[in-house]
Amino acid sequence: MLKTTINLEPGKKVYFASDQHFGAPNPKESKIREERFIRWMDEIKHDAQVLFLMGDLFDFWHEWKHVIPKGYVRVLGKIAELKDRGIHIYFFVGNHDLWMKDYLEEEIGCTVFYKKQYFEMGGKQFLLAHGDGLGPGDKGYKRMKKVFTNPVAQWFFKWLHPDIAMKIALYMSQKNKMISGDEDKEFLGEDKEFLIIYSKKKLETEKIDYFIYGHRHLPMVLDLQGKAKYINLGDWISYFTYGVFEKDFELKTFGKK
């Protein structure tokens with residue numbers, strides 16, 4: 001398996017955040033959450049060596065040849081500031097921003113991933129992914145993703161006027177509970193959580209110390225049979241949680257407004 005090795009510098013940390021869903025439920029309410037996320041990035045920029053954005057930064061994102069969605073200027077500007085300070089930015093495409101192309105790479109210098117990735121940091125082995133479509137179940141989403149990633153469907157969508165396309169996409173995103181819904185509020189048990197099932201299966205053949213995902217929205221740190229830790233990063237809708245790794249992993253909550 002391909003693996004990226006990151007040599008941590010003394011006093012430096014690795015940060016993780018996922019599922020901001022900026023744009024939802026509307027621009028006014030989203031901006032409040034955006035400002036809170038910007039304050040967090042301002043706080044971590046002094047000791048961050050790496051920032052992993054683990055997917056669904058936007059509630060919907062689509063790149064046309066000459067057009068990107070309106071808004072998010074301060075968020076993108078702050079990410080660019082961190083990159084300019086020498087912080088490595090890794091962006092995992094989620095199920096809401098899977099139409100990401102090369103904008104963040106060309107304009108900011110982020111490294112964009114479309115699938116799970118393996119990293120070694122501080123002598124520990126990591127498997128990182130947004131989490132959508134992994135493991136058993138989630139069949140409805142898997143069928144939907146085949147449609148969304150179909151080249152023919154994407155070709156037709158890009159010829160819609162962006163105003164019309166964005167209106168349709170944002171409506172579908174919110175009405176289909178693609179942001180955190182009631183089903184994300186409770187832990188279902190290790191035998192029913194599909195990402196935990198997937199992680200345990202991986203442990204049968206691979207040495208992994210940390211599995212880190214987004215997508216699920218419910219913040220969790222679980223010990224997997226004493227072999228590894230399963231982490232879901234939560235979200236920036238209800239929980240405002242994030243991960244930090246130096247010698248060990250911690251899941252934290254960013255302070256009150």
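Guide: Buried means under 20% relative accessible area, exposed means over 50%, and partly exposed lies in between (1.4 Å probe, protein chains only). By that criterion Ser18 is buried, with a relative accessible area of 0%. This is a predicted model, in which local features need pLDDT of at least 70, side-chain atom pairs count only at pLDDT 80 or more, and totals for chains, interfaces and linings use all residues. Residues are numbered from 1 along each chain as its sequence is written, and side-chain values use heavy atoms, with hydrogens and water left out.

Visitor: Where is Ser18 found?

Guide: Ser18 lies in the loop between β2 (13–17) and α1 (27–44). Helices (H or I, at least four residues) and strands (E, at least two) are DSSP runs, numbered from the N terminus.

Visitor: And what does Ser18 touch?

Guide: Leaving aside residues up to four places away in sequence, Ser18 touches Met54, Gly55, His130, Gly214, His215, Leu233, Gly234, Asp235 and Trp236. Contact means heavy atoms within 4.5 Å. The side chain of Ser18 also makes a polar contact with the side chain of Asp19 (2.5 Å). A polar contact is a pair of N or O atoms within 3.5 Å; within protein, one must be able to donate a hydrogen and the other to accept it, and residues adjacent in sequence count only if both atoms are side-chain atoms.

Visitor: Changing topic, how many aromatic pairs are there?

Guide: A search of the whole structure finds 28 aromatic pairs. In Phe52 and Tyr90, the ring centres are 5.1 Å apart and the planes are at 20°, so the pair is stacked. Rings of Phe, Tyr and Trp (its six-membered ring) pair if their centres lie within 6.5 Å; planes under 30 degrees apart count as stacked, over 60 as edge-to-face and the rest as tilted.

Visitor: Which strands hold Phe52 and Tyr90?

Guide: Phe52 is in strand β3 (residues 48–53) and Tyr90 is in strand β4 (residues 88–92), 38 residues apart. Phe52 is buried at 0% relative accessible area, and Tyr90 counts as buried at 12%.

Visitor: What about the rest of β3?

Guide: In β3, 6 of its 6 residues are buried. β2 and β3 run parallel and are joined by 5 bridges; two strands pair if DSSP finds at least two bridges between them. Tyr15 stands opposite Leu51 in β3.

Visitor: Which elements do the buried residues of α1 pack against?

Guide: They pack against β2, β3, α2 (73–84) and β11 (241–245). Among the buried residues of α1 are Phe37, Trp40 and Met41.
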